[in-house]
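Biologist: Could we go through the ligand site together? I would like to begin with the contacts and then turn to the pocket.

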Amino acid sequence: MDDLISVREAQERILAVFTPRPAVTVPLAEAYGKVLAQDVAATQDMPPFDNSSMDGFAVHCADLSAASREHPVSLPVAQDIPAGTGDVAPLRPGTAARIMTGAPVPPGADAVIPLEDVDLSRYSEGFVLISRPPRTGDYIRTRGQDLPKGTFILQAGKKLTPQDVGLLASFGYAQISVISPPRVAIFSSGNELLEPGSQLQPGQIYDANRFVLSGLLREAGAEVVDLGIARDDPRDVLAHFQAALDHQPDLIVSSAGVSVGAFDYVREVIEQHGRIAFWRVNIRPGKPVAFGNFETVPFLGLPGNPVSAYVGSLIFLLPVIRKLRGEPPLRHRLETATLAEDVESDGRESYLRARVEEIDSGLFVSLSGHQGSANLFALSKASALLILPSGVKSLPAGSKVNIWRLDRISS
Ligand code: AMP
Ligand code: MG
């Protein structure tokens with residue numbers, strides 16, 4: 001066990017190699033999901049002009065102080081103001097203006113009465129009847145009421161949500177400075193691997209890892225260069241690494257071929273064309289996690305078994321993507337849950353596939369299936385990883401454990 005390094009040490013040594021990527025300016029339509037590289041301030045008052053929040057009639061309150069059901073006030077409708085009107089004539093006292101939602105309030109008007117609150121029985125003759133005095137400011141969104149010009153609206157480092165992009169659009173930003181997305185080249189390795197869609201021959205299995213990896217990477221905001229499957233042949237493995245360099249990735253990630261098997265050529269090729277910093281971590285599943293560099297490009301070698309590759313990605317790869325994107329480190333939002341069944345592991349820091357249930361405001365956790373590191377079904381059913389610390393080989397039902405909910409991995 002001597003050459004196994006701890007999960008934390010592996011994470012720290014990997015992260016230390018990376019720095020945030022530079023900023024680039026992108027069209028606003030491409031900004032969603034990217035990380036803002038500049039503080040952003042309101043370029044104008046919001047709303048930019050006084051406007052109506054309802055379809056209705058703009059009025060002078062002073063004309064209507066005596067309005068009542070018994071004695072409605074009749075006002076001539078002097079103008080019609082659709083949304084988008086640029087030059088709005090002032091509202092003369094003793095008149096009303098028909099106004100649409102979002103249209104500029106005419107100078108002089110100090111309230112809008114919604115359409116549903118007026119009597120339109122004389123509208124064809126040019127009059128509107130009002131039977132209740134409005135209050136000053138009713139249904140008028142005044143200039144700057146949401147945000148005065150100059151207010152800081154978004155901070156550098158924020159991952160842009162659709163709402164944020166909408167906010168930027170509302171202030172007229174056509175392009176914005178964001179951290180350029182990290183680029184990750186991925187490939188699988190193994191003679192047994194086949195692309196889904198082809199007919200399996202005896203001894204073959206479909207490649208699952210590239211699909212797990214590219215999904216995780218894209219979700220985390222990285223660009224993926226998918227280089228396919230490398231044969232168990234040092235020349236083909238080398239060719240895949242060299243193809244990766246053409247894309248100038250921040251990182252090359254492969255799966256399988258870094259263990260102690262006779263055909264594990266990935267490690268061999270890295271040792272010849274770069275350096276292995278470490279290749280065994282005290283984690284279950286997925287002890288054979290290799291890290292180093294191919295020529296000058298950092299390299300992460302994940303285990304071959306799909307569940308191990310997934311767990312290794314969550315723990316070692318996603319933090320790198322966050323760092324490259326200039327996002328703050330994810331404090332893995334560990335929660336405490338009560339074990340609903342006995343569990344066992346082998347003393348490595350273990351990330352078991354589990355389901356969490358909330359019962360009477362307490363969290364209860366049980367395994368989502370058998371814990372084989374090739375069992376993607378149990379992983380797919382899992383809503384959390386159940387974490388056993390290094391050195392713990394079994395825990396009885398009722399114990400308190402840490403869990404990491406999978407629907408919260410990137411927030
Ligand atoms: P290895 O690291 O090459 O010894 O692979 C460990 C196990 O993972 C073997 O059972 C492989 O068949 C399996 N494996 C490797 N790569 C993949 C992959 N891309 N998709 C699914 N299973 C894989
Ligand atoms: Mg293999």
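Modeller: What follows covers the ligand, its contacts and its pocket.
This is a predicted model, in which local features need pLDDT of at least 70, side-chain atom pairs count only at pLDDT 80 or more, and totals for chains, interfaces and linings use all residues. Residues are numbered from 1 along each chain as its sequence is written, ligands are numbered from 1 in the order in which they are written, and side-chain values use heavy atoms, with hydrogens and water left out.

Biologist: Which residues come nearest to ligand 1?

Modeller: Glu192, Asp207, Ala208, Gly304 and Asn305 come nearest, out of 14 residues around ligand 1 (a heavy atom within 4 Å).

Biologist: Which polar backbone atom is 3.2 Å from a nitrogen atom of ligand 1?

Modeller: That atom belongs to Gly304. A polar backbone atom of Gly257 lies 3.3 Å from an oxygen atom of the ligand, and a polar side-chain atom of Asn209 is 3.3 Å from a ligand nitrogen. Such a contact is a pair of N or O atoms within 3.5 Å.

Biologist: How much of the accessible area of ligand 1 does the protein cover?

Modeller: The protein covers 75% of the 480 Å² that ligand 1 has on its own (Shrake-Rupley method, 1.4 Å probe).

Biologist: Changing topic, what is the volume of the second largest pocket?

Modeller: It holds about 510 Å³ of space, the volume being that filled by probe spheres set on the grid points. A pocket is an open set of points on a 1 Å grid over the protein atoms alone, where a 1.4 Å probe fits, with protein on both sides within 12 Å along at least five of seven lines; lining residues have an atom within 4 Å of a point.

Biologist: Which lining residues are closest to its centre?

Modeller: Of 31 lining residues, Glu192, Ala256, Pro303, Gly304 and Asn305 are the closest.

Conventions:
Polar contact = N/O pair within 3.5 Å; in protein donor to acceptor, adjacent residues only side chain to side chain.
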